[in-house]
Amino acid sequence: MNTIITNKQGKKTEYKDNEIVRRISRANGKSQVQIKCPYCGTLVWAYSFSFGGCGKKCPKCGAIHSRLLGSIREVNDES
Ligand SMILES: [Zn+2]
């Protein structure tokens with residue numbers, strides 16, 4: 001999946017599927033997943049609950065990784 005949605009202000013948001021590279025199961029909701037950013041390839045660890053909830057931000061490019069929506073990034077039009 002690779003979708004670009006433009007809002008009323010002309011701002012574009014890009015959605016891409018992310019890839020879970022590793023999982024660590026822990027009790028008390030502290031399970032973690034390692035996600036590969038589809039934009040810049042950075043690997044980032046996130047708690048499973050945050051990946052399934054509000055998402056985890058890529059430290060390099062700022063994309064938000066989430067389970068439901070994929071990885072979301074604002075597109076800067078420079079043309
Ligand atoms: Zn990234």
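The structure is a predicted model, in which local features need pLDDT of at least 70 and side-chain atom pairs count only at pLDDT 80 or more, while totals for chains, interfaces and linings use all residues. Residues are numbered from 1 along each chain as its sequence is written.

**Overall architecture**

The protein chain contains 1 helix and 8 strands. Helices (H or I, at least four residues) and strands (E, at least two) are DSSP runs, numbered from the N terminus. In that direction the elements follow the order β-β-β-β-β-α-β-β-β. Along the principal axes, the C-alpha atoms occupy a box of roughly 45 × 20 × 20 Å.

**Strand pairing**

Strands of a sheet pair through backbone hydrogen bonds, either parallel or antiparallel. Here, two strands are said to pair if DSSP finds at least two bridges between them. An open sheet is formed by 5 strands in the order 1-2-8-7-6, with antiparallel pairing. Its edge strands are strand 1 (2-6) and strand 6 (56-57), each of which pairs on one side only. The table lists two antiparallel pairs.

| Strand pair | Residues | Bridges | A facing pair of residues |
|---|---|---|---|
| Strand 7 and strand 8 | 64-66 and 70-75 | 3 bridges | I64 and I72 |
| Strand 4 and strand 5 | 32-36 and 43-47 | 5 bridges | K36 and L43 |

Strand 4 and strand 5 form a hairpin with 6 residues between them, and G41 in the turn has a positive phi of about 80°.

**An exposed loop residue**

N28 lies in the loop between strand 3 (19-24) and strand 4. Most residues other than glycine have a negative phi. N28, however, is a residue other than glycine with a positive phi, near 60°. A residue is buried if 20 or more other C-beta atoms, placed from the backbone, lie within 10 Å of its own, exposed if 12 or fewer, and partly exposed in between. N28 counts as exposed because it has 5 C-beta neighbours inside 10 Å.

**Core and contacts**

Of the 79 residues in the protein chain, 18% are buried. The largest nonpolar core has 7 residues: V33, I35, C37, A46, F51, C58 and A63. Such a core is a set of buried Ala, Val, Leu, Ile, Met, Phe, Trp, Tyr and Cys residues joined through C-beta atoms within 7 Å.

Two residues are in contact if their C-beta atoms, placed from the backbone, lie within 7 Å. Leaving aside neighbours within four places in sequence, V33 is in contact with I20, R23, A46, S48 and F51. Among contacts in the protein chain between residues at least 6 apart in sequence, 26% join residues at least 24 apart.
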